[in-house]
Each structure stands twice: as C-alpha cells, then as structure tokens.
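Subject: Structure for your review, with notes

Dear colleague,

I am passing on the structure below and would be glad if you could read the notes beside it.

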Amino acid sequence: GEVAPSPAYSNGMVFAANEYATAAGIQLDKSDGGVTPKIAWEFDELLPEVSSPVGDGERFYFGTASGAFVCLDAKSGEKLWEHEFDEGFYSSPVLVGDRLYVADKGGNMHIVQTGPTFNLIGSRFMGEGTFATPAFMDGRIYVRTEKHLYCIEQANA
C-alpha cells in the first residue's frame, strides 16, 4: 500500500527524492565504457512523499504532502524558490511547454510558470479532492478527482 516518488531525468541529470531520505542529483556522464553515475549534490530540506518531481532542463520542481512546492537548480541543487500552498500534493507536476500543471489534495489545479522565480499563472478548483496526476493528450487535459473524470479542452472560437 505504500507509494513513493519516481525519479526525474532532465538534461543528463537524475533527481531522486523521497521523504525520510536524502535527495540526490545524479550526473550521468557518458564514456566509451557506458554511463557513469556520480552524485553531484544532495538536498534534504523539503522532500516529496508521493508526488514525483519533474525537470525542465535547468531546474527540478516537486510538491510535498504538506503543501510546499519547490524549485531546485538542476546543476547545483540550490533551492531557488519555495511556495506554500494551503493543501499538499500527491499529484505529480506535469510540464507542458513552459508551464507546470499540478493538482493539490484539496482539488485545486495550479498552473505555475517555469523559471528561477515563483510565478503562479492561475488556479482552478476542480470541485473535489484530487490525488491523481493530470494527463495531457491531443490538446486535452484529463483530470481524475475523487468521484469524477474530467476532460478539458479549448472551445472552438
């Protein structure tokens, strides 16, 4: 019954994190003999319990069950920013272009701009608790809440 975050890969770096452990940025160096992993940095301030991180090439982003949403520099592991939301995260953030979509446990879908500073583009209440990661396909967003499955798409103009 236990669940845990999956590691994230971005631009030659793997970020593995889990509550009650030390998170690590693992550099994957290619050589003639294959790939050599090397721990580039460690992070132990705020760690995800369920939500998996995502990387945009320059940064890693993740949410915690207590409501912190965190951005780390991918190369150094330095915390660039942290934002406290009212609800925690079991859903993993999804990167779409330069935006992160993440649903909190209270049912709010947050859209956050990627970058070295926090910028909340908007939030929308989905009507009930949300624990699943949203899915994106063919211009649609699929969101599973506690009792419903929503398909959101832009209306034709």
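Predicted model: local features only at pLDDT ≥ 70, side-chain atom pairs only at ≥ 80, totals over all residues.

Residues are numbered from 1 along each chain as its sequence is written, and side-chain values use heavy atoms, with hydrogens and water left out.

**The chain as a whole**

The secondary structure comes to 0 helices and 15 strands, where helices (H or I, at least four residues) and strands (E, at least two) are DSSP runs numbered from the N terminus. The radius of gyration, taken over C-alpha atoms, is 16 Å, which is close to the 15 Å that the globule rule gives for 157 residues, so the chain is as compact as a globular protein of that length; the rule itself is 2.2 Å times the number of residues to the power 0.38. Along the principal axes, the C-alpha atoms fill a box of roughly 50 × 35 × 35 Å.

The accessible surface is about 8,700 Å², and 48% of this belongs to carbon and sulfur atoms, with areas taken from the Shrake-Rupley method with a 1.4 Å probe and, for residues, only the protein chains shown counting as cover. Of the 157 residues, 42% count as buried, a class that means under 20% relative accessible area, with exposed meaning over 50% and partly exposed lying in between (1.4 Å probe, protein chains only). Among contacts (heavy atoms within 4.5 Å) between residues at least 6 apart in sequence, 35% join residues at least 24 apart.

**Strand pairing**

Two strands are taken to pair if DSSP finds at least two bridges between them. Strand β1 (residues 8–10) runs antiparallel to β2 and is joined to it by 3 bridges, and Ala-8 has Phe-15 in β2 as its bridge partner. These two strands form a hairpin with 2 residues between them. β2 also pairs in the antiparallel sense with β3 (residues 23–31), over 4 bridges, with Val-14 standing opposite Ile-26. The hairpin of β2 and β3 has 6 residues between its strands, and Tyr-20 in that turn has a positive phi of about 65 degrees.

**Nonpolar cores**

A nonpolar core is a set of buried Ala, Val, Leu, Ile, Met, Phe, Trp, Tyr and Cys residues joined through side-chain atoms within 4.5 Å. The largest has 15 residues, of which Phe-15, Trp-41, Phe-43, Phe-60 and Leu-72 touch the most other members. The elements giving two or more residues to this core are β2 (13–16), β4 (34–43), β6 (59–63) and β7 (68–73), and β7 gives the most, with 3 residues. Apart from this core lies another of 10 residues, among them Tyr-61, Trp-81, Phe-89 and Leu-100.

Leaving aside neighbours within four places in sequence, Phe-43 is in contact with Thr-22, Ala-23, Phe-62, Leu-72, Gly-77 and Lys-79.

**Residues in loops**

Most residues other than glycine have a negative phi. Asn-11, in the loop between β1 and β2, has a positive phi near 55 degrees, and at 54% relative accessibility Asn-11 counts as exposed. Asp-138 lies in the loop between β13 (135–137) and β14 (140–144), has a positive phi of about 50 degrees, and is exposed at 63% relative accessibility.

Asp-86, in the loop between β8 (79–84) and β9, is exposed, with a relative accessible area of 81%. Asp-86 and Gly-106 are 20 residues apart in sequence and 8.5 Å apart in space, C-alpha to C-alpha.

With kind regards
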